Amino acid sequence: MKITGRVETEVVTDVKCDICRLSTRVDVGGLQFATLNAKWGFGTKHDGERYEFHLCEGCFFGTIAYFRQDGEYMMYWMKATKPLPLMILA
Ligand SMILES: [Zn+2]
C-alpha cells in the first residue's frame with residue numbers, strides 16, 4: 001500500500017561564485033562550478049577547521065593561471081615551510 005503526501009524539501013537553486021559573486025548557472029541550464037575543499041586535521045595550525053569555496057568557470061581558470069604564474073614562489077614557500085627530503089646521489 002502506498003501512502004502519499006506532500007513533503008517540503010530544500011534544494012539548491014543557485015550557487016554563486018565566492019570570488020565574483022555571480023551565479024554559476026549556465027545558459028543551457030544547470031549549474032557549473034568548481035569546488036575547493038579543505039579540512040585541516042590534527043597536527044595543523046588550523047585543526048578542526050573546514051573550508052569550502054565555489055568558483056565560476058572564469059574565476060577558477062583565473063586562479064589556476066595565478067598559481068602557474070607564481071609557481072616559483074610556491075615552490076620556494078613549500079621548501080621553506082616543509083623541508084623536502086634530500087636526494088644525495090653519490
Ligand atoms: Zn567568479
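How many helices and strands does the protein have? It has two helices and two strands, and along the sequence they come in the order β-β-α-α. Keep in mind that this is a predicted model. Here's a quick tour, from the overall picture down to a couple of residues ahead of β1.

**Overall picture**
- Take the contacts between residues at least 6 apart in sequence: 33% of them join residues at least 24 apart.

**Helix α1**
- Helix α1 covers residues 57–69, which is 13 residues.
- From first C-alpha to last, α1 reaches 18 Å, close to the 18 Å expected at 1.5 Å a residue.
- Of the 13 residues in α1, one is buried, so the helix lies largely in the open.

**Arg21**
- Arg21 sits in the segment before β1, the strand at 34–39.
- Its phi is positive, at about 70°, although Arg21 is not a glycine.
- Arg21 counts as exposed because it has 9 C-beta neighbours inside 10 Å, and the cut-off for exposed is 12 or fewer.

**Ser23**
- Ser23 also belongs to the segment before β1.
- With 14 other C-beta atoms within 10 Å, Ser23 is partly exposed.
- Setting aside neighbours within four places in sequence, Ser23 is in contact with Asp14 and Lys16.
- Ser23 and Phe33 are ten residues apart along the chain, and their C-alpha atoms are separated by 9.4 Å.

Terms used. Residues are numbered from 1 along each chain as its sequence is written. This is a predicted model: local features need pLDDT of at least 70, side-chain atom pairs count only at pLDDT 80 or more; totals for chains, interfaces and linings use all residues. Helices (H or I, at least four residues) and strands (E, at least two) are DSSP runs, numbered from the N terminus. A residue is buried if 20 or more other C-beta atoms lie within 10 Å of its own, exposed if 12 or fewer, and partly exposed in between; C-beta atoms are placed from the backbone. Two residues are in contact if their C-beta atoms, placed from the backbone, lie within 7 Å. The expected span of a helix is 1.5 Å times one less than its number of residues.
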